[in-house]
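I open the notebook at a structure that is new to me.

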Amino acid sequence: MSSSPLSKKRRLSGSETTGSHCSSNSVRSELSHIPTNGMAKNGNEAEIDEGLYSRQLYVLGHDAMKRMQSSNVLISGLRGLGVEIAKNVILGGVKSVTLHDQGSAEWRDLSSQFYLREEDLGRNRAEVSQPRLAELNSYVPVTAYTGALTEEYLTEFQVVILTDSNLEEQLRLGDLCHSKGIKLIIADTRGLFGQLFCDFGEEMIVYDTNGEQPLSAMISMITKDSQGLVTCLDEARHGFETGDYVTFTEVQGMTELNGCQPIEIKVLGPYTFSICDTSSFSEYIRGGIVSQVKMPKKIAFKSLSASMAEPEFVLTDFAKFDRPGQLHVGFQALHAFEKKHKLFTSYLIMWNLFVNDFYCFSHFAKVEQLDEELLKKLTYVAAGDLAPLNAFIGGLAAQEVMKACTGKFMPIRQWLYFDAIECLPETEGALLTEEDCAPRNCRYDGQISVFGCKLQDELAKQRYFLVGAGAIGCELLKNFAMMGLACGDGEVIVTDMDTIEKSNLNRQFLFRPWDVTKMKSETAASAVKQMNPSIRITGHQNRVGPDTEKIYDDEFFEGLHGVANALDNVDARMYMDRRCVYYRKPLLESGTLGTKGNVQVVIPFLTESYSSSQDPPEKSIPICTLKNFPNAIEHTLQWARDEFEGLFKQPAENAMQYLTDPKFMERTLKLPGAQPLEVLEAVYRSLVTDRPSSRKDCVAWARNHWQVQYSNNIRQLLHNFPPDQLTSSGAPFWSGPKRCPHPLEFSTSNELHMDYIMAAANLFAQTYGLAGSTDRAAVIRLLQDVKVPVFTPKSGVKIHVSDQELQNANASVDDSRLEELKSLLPTPDVSSEFKLFPVDFEKDDDSNFHMDFIVAASNLRAENYDIPPADRHKSKLIAGKIIPAIATTTAAVVGLVCLELLKIVQGHRRLESYKNGFMNLALPFFAFSEPIAAPRHKYYENEWTLWDRFEVKGVQPNGEEMTLRQFLDYFKNEHKLEITMLSQGVSMLYSFFMPAAKLKERLDLPMTEIVTKVSKKKLGKHVRALVFELCCNDETDEDVEVPYVRYTIH
């Protein structure tokens, strides 16, 4: 269960940029060594390890990754925030990372510095952290440095990050970095408050401002005018914005536009926009594709000293638009206070000592009126060091490092402030005493100084269920351990049925190369025990769902304090949401998609649930587009995936079912439309006509299948619809989204043709348990003996132009052919002779021929239709439905999740205390809102929400169970509701239109007996209660919406 999709549907996104950025100054010799595992070092000459970086490459692109691999990064300050930034930057894959710190580990560091242990107290933080951080990525040399940050030393770096530094040092190094062209990031957290500053020099080039895929659209018309008007086909809105740049291809007539320099556009409507002067161009005839072009953008940054006086802010919360100015003052006042008093722990006395000095700094942020309540809270929590806040600010800061190295995405300009004061107690004036927050020389001192020791005791007792140990799961576990969750009498139960793969290591930071193939949950549990030995954690390998309700039963859920989801699919999320609603447990839900992330908190009796809102359904590709009229690489890739399933998986599965399952034929003949014929034809081919006996037969099958798909079928299509065919209205048939194809001629000297034969022959052999071959020369020799039948297009072959036509045709089935097939199929007793092996698609194994087949099959079809091909990397993204992912977003999102956890554990009850969040680090954009309240419904005078239900005790005082008649009477008498329909899951138990005989039979049966009878399933011993759904009428015979029923049987 890896990094989750952003919303409730999987979406695909990936991007690629061109150009290069970031100078590569000379670097110390000890940083350019080859990592101990023999992997190639980073640098311009290095190949990118796609196996490791694949999910991140879909976010950044190859060019940005290469620019990152030539950047040396210095991170100063290795407390909680510094180690968080270092972790994300090292996972990202820069050229080298140097850790700088002159301080020693203290108790308060352990509340968030996950690579310090109690035995490290008194030792230098950088030196202790270095070997643990170096394990994260063997491509990135990591060194520790404890000397002074001199001008000479800093010139070796392209990016410098300062954390845990005083204002004097920030200003000194800020001026130095600005003058030398070194990119500077300053990050700081104080309790529940965070600060981020970026200075990337006076001439920063951003190659891609938003990270979105460039848009394209098909053209229906272009006018000759002083401002040419372009109209796009009305299949979909073009999505362009005024100021975008575009270029054109495949325009017929007005060919001057083809391959032109990027042109700036002005959007006039959802399907139209204007371009340059086209009055002197040729007349437009037809066709054409317009594509968006990402244009480099130059931006300038002020130095720290200049920017402090005239700050520009990025808002993190629109409801707190006045906060950045206030906090700009507050952070400077904190620096001044520390310089004057050399105090780092007794901030509670600071306000009275130093209130006037806040006003001294107010002119900097042009703040007319200081928010004394806010600044008082800042001073009270400033000694705090909280893992969730460090995770959020650390995730953002690391993304800014990547922007500085690559020019990919828009940087923060230039200040960002964040606060989470909603985490403080809800009751006004409930601020803690100095004694509550005093250090106790324990690992939670940084957290106790904000929340006191009572919350720490509560955290230790918590029992939480974490579903998923992928990217989000790893980050959650790290924060749980730092916060002290379940570090007393509580427990964290983490379940994940997946094993660790190489591609996980780039962001699932609890895992190492030697953990590959181990179980995620057990490995993650073991890793966080290293971070905090007190955490009580148990790893399970179970999928959550109806099948595991014997394990995750009533007793299990009733013993929980809450659930955190770290899932990668919508179905499992919705299942867990239903469980949390039923057991009335808080749910922490989050997801990421590249640089986008979201957080949703679900609180019993307060908020709506995760399932209360759903995304619109994903748009599917019409079948006829896939079969005959593709116009984009996405269409050919989906076609290739369907080919894979239809050649190497489904036929083998169906044939084995035919041979082993006596009811297979009966089930198949009941299928709708033409499906019975299609399934039985495929079984017949698998068992009779296509069944190979040798490798030679497999090669012959592959060669003949190539001929059918890339030559014969295309020739038949062109026979039916010649290139000059006109529609009934006189328009060209092959125009707009219909691209006119051409057949291919097979050649053993064509690499792509041979890629297809090698992959198809090997996969076909696998399905029959035959040995394959990777010897191309041998396969070419076998191909010389293959007889390919001569093909002549036939008249009378029907090719469907629309899905509607196809549906109508499917209504008729050739019964005579069905009967013929039934007689031709071998009897199932041949099963003792041989076995077929269905092939399950696996995208991440480069040796299994799966992606080889997909890439070749898709690109050959793309060649048929003159669609630009896709490389293996892009093909894997689309065909494998991969979710792009990067460690920075995951860290930031989980930081926000754990801030919500602190509110839940304290028992916050105000809706406005909680925050649902959305972010896009590429823009950068942040939006927070209070969760939506659970919608209220009413029957009679009774108000209810999704958290309410009817509680019915199934077993009566006399020990007998309630019958259906008694159940109906109970609702009539107790609630004045007449039940018109009653169901349990998918089983209808009662309805007012039920036949009288069936009703009579059921009325006097116990409820559980009816459930067992209708569902044809026995109730498990673990089932204590059943859920019934009701449709009811009130006393006026009107339909009323009512809650569900929890019917207790034990």
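My entries on confidence, a helix pair and a pocket follow.

**Confidence.** I note that this is a predicted model, in which local features need pLDDT of at least 70 and side-chain atom pairs count only at pLDDT 80 or more, while totals for chains, interfaces and linings use all residues. Residues are numbered from 1 along each chain as its sequence is written, and side-chain values use heavy atoms, with hydrogens and water left out. I looked up the mean pLDDT (the predictor's confidence in each residue, from 0 to 100) and found 90 for the chain, with 92% of its residues at 70 or more. Over residues 1–45, however, the pLDDT is below 50. Where pLDDT is low, the predicted coordinates should not be read in detail.

**Helix pair.** I then turned to helices α22 (residues 751–767) and α23 (residues 776–783), which pack at about 90° with axes 11 Å apart; helices here are DSSP runs of H or I, at least four residues, numbered from the N terminus, and axes are lines fitted to C-alpha atoms over the stretch in contact, with angles from 0 to 180 degrees between N-to-C directions. The two helices are therefore roughly perpendicular (65 to 115 degrees). In contact (heavy atoms within 4.5 Å) are, among them, Met754 of α22 and Ile780 of α23.

**Pocket.** Which residues lie nearest the centre of the second largest pocket? I found Lys627, Glu643, Glu678, Arg685 and Gln709, out of 49 lining residues (those with an atom within 4 Å of a point of the pocket, which is an open set on a 1 Å grid over the protein atoms alone where a 1.4 Å probe fits, with protein on both sides within 12 Å along at least five of seven lines). The largest share of this lining, 10 residues, comes from α18.

Notes:
Parallel < 35°, antiparallel > 145°, perpendicular 65-115°, else oblique.
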